[in-house]
Amino acid sequence: METTRIQYNDGIVRKFMMASVAFGIVGMLAGAIIALQLAWPNANIAPYLTFGRLRPVHTNAVIFAFVGNMAFAGIYYSTQRLVKARLASDLLSNIHFWGWQLIIVAAAISLPLGYTQSKEYAELEWPIDIAIAVIWVVFAVNFFWTLKNRREKHLYVAIWFYIATILAVAMLHIVNALALPVSLGKSYSVFAGVQDALVQWWYGHNAVAFVLTTPILGIMYYYVPKAAERPVFSYRLSIIHFWSLVFIYIWAGPHHLLYTALPDWAQTLGMIFSLMLWAPSWGGMINGLLTLRGAWDKLRSDPVLKFFAVGITFYGMATFEGPLLSIKSVSGLAHYTDWIVAHVHGGALGWNGMMAAGMFYWLIPRLYGVPLKSRAMANFHFWIGTLGILLYVGALWTAGITQGLMWRAENEDGGLLYASFVETLVAILPMYWMRLIGGSLYLFGFVLLAWNLIATARSGKPTDGEIEVPVLPEAETTEKDRAGMRLLLAPQVWTALIGIGLIATGFFFEAIQSLILIIAGSLLLLVGFLILLIAREEGKPTFHAKLEGKAAPFTILTFIAVLIGGVVQILPTVIASPEAVASATNTPYTPLELEGRDVYVKEGCYTCHSQMIRPFVWETARYGAVSTPDDSIFDRPFQWGSRRIGPDLQRVGGRYNDVWHYQHMLDPREITPGSTMPSYPHLAKHRVNFDRTESKLRTMRTLGVPYTPEEIASAQESAMRDAKRIARGLEESIGIRICEMGSPSDDCDLREDSELVALIAYLQRIGKHRSPWLEEASAGETGAAPAAVEGEDAETSADAADAAEAGAEGDEAPGAAEAAESNEAAEPAKADDAGESEGAQEGEEN
């Protein structure tokens, strides 16, 4: 048979590997900075470097720059060797590399500047979202083109996970990023409220699944056997692991929204499928660890196997903890606390970080043709990194459980024992310092890794792998492709389709019948894949064995598996959305409130505050009435949040007057001793561009928000009128100097057209179904929210030494809850006196 020698494109692997290390250090440094800011608020040194703006820089850098580049390096190296073919296009490979790095740089610039959609792990604005989609298509074309050119017919298990990653990430990104642009740097999501929350956490959970999990599992299945020089423990277990994981994972997103305004059926579905994830996840962990059987003795000296063994162990820990946290009773305690942060970082640092380090240490000698510069340094990196993870995760586990218990603790009278939110924050500050120490140790370990890789590279020279392969006739390849497509008509496929039909049919019935049909269809689909695909006849290859040799049908079936969950969960909410808007009692934001909401989003307030009150006694006592779907029906994007470093703001509207908000934004610790919230004095001078307000309302109307043509036409005038009213009211109340609308001078304390004025307008509206300015007009008031009462006036006095002001400060400090009881008169339907006093205190204290 005619053969030819091919040289692998390992240059692209070297590029992605070095980029991963560099951006990993940058992302972890950003994480260390925001950890410092949580423990010591004076570390918020500049408007563009506050916690709210840096936090998405950290998450995007670690997920997409560090792990993303690592995954591309691992995929490109292993795929070429598994299919015995060079990457199909050097041009596409380079476009992929440089395009991805430009996207990362664009994110690093735009996020600190406040250009954000405020969707967790999907904050980037629409031009960058389009760039991501384009570059991902480049990656997909290059990958599948390479599979078409393969000399090895059989698709190894690692390739399966790579295929699932490419398909699922494309689907998730495109759907979640759907938005209508207002300008180059601003857009509004096509989804709103409950629907937006469901879509976001369908994406957010599965970004973890298909960016941080499936590609790394593919890497595990290739690099662990290579490093251990042992075969994968169980081929059959790898089949079960793959199909059950990619099918079940996509359904689990709603477990991030338990006890929220999301429909109960969606919450239940998310919890059930999350619990089902225990089996495939631990099946994969067992398969990975038992692949090391017979090679455990090597762990004493081989740093690569150390990293792999601990990485797989952390995968098992994280995938045990995830389903545990999806149980409603556990979620009730853990959600919004630092326990969730501990869980995420156990996976990111323990699973992704350790697997990345192991892969890099294994790759570098093969990419540069020389031994690793210092095995001793690599071993030291392992131990200091492991210590750093344990300190980090242990500190936040402790902090999270402490938070959850303190929030719900009751005194002898049945009221809240820790009436002030800031008490619960002060209690966990020591754990924040320990978190910083653990994260810094982990970061230092990666600095050592970077030195080791660079020193190794400098001592050798770039080396590309080569292999002798047969030349396949084009006609033979085409015939095999046609035969492969006939597999889609096999009985096993129709079994799976029956399951899909049951699931779809379930949504035309009432609750219990619907749930039964959905679960039955899901189980039938899963059983069809797991049993029928593995079953074999004597002397004949199984259906799955045939499928493993056919890339096209394998890809199609994988896409169906990852598609089903999203369609079943999201489609009903999309269908119900127009009816929900038509029957809403809520009213759209006024033009100034909408501008203020954009400031809230820009400053990243959602990273610290939730806007979702769950149906617990301790939450309604602390914050007010339980949140409803109507509360956020016009919110694009939704702002339910995922963490409470500060209190929930769902019912903050009207709880304080404008003076309180003004002083609180300028210096939170003057109003709330112990707060770790950044100060925002720059908002008093930064101007809102009211020339774009009309286009914002017009875009919202296009998306279904019921603004009238008259409201849109008068949007700029309305916003400016309300802004002037707030600013002049502050001037009359506390005697601050005001710069008039459009004035070129900033020689004042507050501009009428400032972002702070707009933000105050939005804060006064949160939780109200009607703008307070409409109520104010009917009451004949000027300059303050209509809910301001006597206690608030005392609380917001300009003189901090005043006795009434001291009482207001005390209501944020431990043991002084009663000082704010007069404020609570503005918020009806609180559970008890203790709850009332607390509800008034917190508003936005942190």
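**Notebook: aromatic rings and their partners**

I began with charges over rings: the charged end of R14 lies over the ring of Y368, at 5.7 Å from the ring centre. The model I am reading is predicted. I found a second case at W407, whose ring has the charged end of R644 sitting over it, 6.0 Å from the centre.

I then turned to ring pairs. I describe a pair of aromatic rings by the distance of the centres and the angle of the planes. The structure contains 44 aromatic pairs. I looked up F143 and Y162, whose ring centres are 6.5 Å apart; their planes stand at 80°, over the 60 degrees required, so I recorded the pair as edge-to-face. This pair joins distant parts of the chain, 19 residues apart: F143 belongs to helix α4 (residues 126-148) and Y162 to helix α5 (residues 157-176). I noted both F143 and Y162 as buried.

Finally, I traced which residues the ring pairs link into a cluster together with F143 and Y162. The cluster consists of F16, F72, Y76, F97, W98, W100, W136, F139, F143, F144 and Y162.

Terms used. Residues are numbered from 1 along each chain as its sequence is written. This is a predicted model: local features need pLDDT of at least 70, side-chain atom pairs count only at pLDDT 80 or more; totals for chains, interfaces and linings use all residues. Side-chain values use heavy atoms; hydrogens and water are left out. Rings of Phe, Tyr and Trp (its six-membered ring) pair if their centres lie within 6.5 Å; planes under 30 degrees apart count as stacked, over 60 as edge-to-face and the rest as tilted. Helices (H or I, at least four residues) and strands (E, at least two) are DSSP runs, numbered from the N terminus. Buried means under 20% relative accessible area, exposed over 50%, partly exposed in between (1.4 Å probe, protein chains only). A charge sits over a ring if NZ of Lys or CZ of Arg is within 6 Å of the ring centre and within 35 degrees of the ring normal.
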